[in-house]
Amino acid sequence: MKKCVSILLSVLVAIFTTLPAVAQSYDKLWRKAEAAIRQDLPQSALDPVNAVYRKAVSENNDAQMLRALLMRHLLWNDIAPDSGKVMLKHIEEAYARQQQPILRAMWASALAQTHATFRNDTAHSRQARNLFLLSLDSLPLLAQADTKH
């Protein structure tokens, strides 16, 4: 009986200690990431940013997903500059999956910004320009975008 109570207590403690992390709001997670960035700890900032990304994917929140992917790109680029191209592929894949015109325009703009970080690469500069122009084609849609997510 003591063993069962001990196991039950262990399970309850595990549930209640992980529950707050799962239920954290986007604001709290972003504040944690920003605090780590201010302390020049990009590796530590990745944990809350990755939590935002997972939460955004599970809630189908494109605005937060987009913000998290861009931040991951910047953080990984800071940690290991060669990893920026790997993150670029993740953003390109998300852009390719997007079907809604307004969200596609937002992803195109984000992808353009990501390409623009590769300043000394002509192909990336050209791609950034093309994507910025593509996103501007949807300017009336972008003007109507809900920015409260």
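Let's start where helix 2 meets helix 3: their axes come within 7 Å and cross at roughly 155°. An axis here is a line fitted to C-alpha atoms, for helices over the stretch in contact, and angles run from 0 to 180 degrees between N-to-C directions. Helices themselves are DSSP runs (H or I, at least four residues; strands are E, at least two), numbered from the N terminus. Because of that angle, helix 2 is roughly antiparallel to helix 3; the cut-offs are under 35 degrees for roughly parallel, over 145 for roughly antiparallel, 65 to 115 for roughly perpendicular, and oblique for the rest.

Before going on, note that this is a predicted model, where local features need pLDDT of at least 70, side-chain atom pairs count only at pLDDT 80 or more, and totals for chains, interfaces and linings use all residues. Residues are numbered from 1 along each chain as its sequence is written, and side-chain values use heavy atoms, leaving out hydrogens and water.

Back to our pair: helix 2 passes helix 3 in a left-handed crossing, meaning the near helix is turned anticlockwise from the far one by less than a right angle (clockwise would be right-handed). Who does the touching? On helix 2, the residues in contact (heavy atoms within 4.5 Å) include Leu-29, Trp-30 and Ala-33, and on helix 3 they include Pro-48, Val-52 and Lys-55. Sorted by class, this contact has 12 nonpolar, 1 polar and 3 charged residues. In that sorting, Ala, Val, Leu, Ile, Met, Phe, Trp, Tyr, Cys and Pro are nonpolar, Asp, Glu, Lys and Arg are charged, and the others, Gly among them, are polar.

For a salt bridge, you need a side-chain nitrogen of Lys or Arg within 4 Å of a carboxyl oxygen of Asp or Glu. Both residues sit in helix 3 (residues 42-59), 4 residues apart, or about one turn of the helix. Lys-55 counts as buried because its relative accessibility is 17%, while Glu-59 is partly exposed at 42%. Buried means under 20% relative accessible area, exposed means over 50%, and partly exposed is in between (1.4 Å probe, protein chains only).

The structure holds 2 salt bridges. In the one between Glu-34 and Arg-67, the N to O distance is 3.4 Å. This pair links distant parts of the chain, 33 residues apart: Glu-34 is in helix 2 (residues 26-38) and Arg-67 in helix 4 (residues 62-79). Glu-34 is partly exposed at 33%, and Arg-67 is partly exposed at 37%.

Stay on helix 4 and you'll find His-73. Setting aside residues up to four places away in sequence, its contacts include Gly-84, Met-87, Leu-88 and Phe-118. Now look at His-124 in helix 7 (residues 122-136). His-124 is buried as well, at 11%. Leaving out neighbours within four places in sequence, His-124 is in contact with Lys-85, Leu-88, His-115 and Phe-118.

Finally, zoom out. The protein has 8 helices and 0 strands. Of its 149 residues, 35% are buried. Among contacts between residues at least 6 apart in sequence, 50% join residues at least 24 apart.
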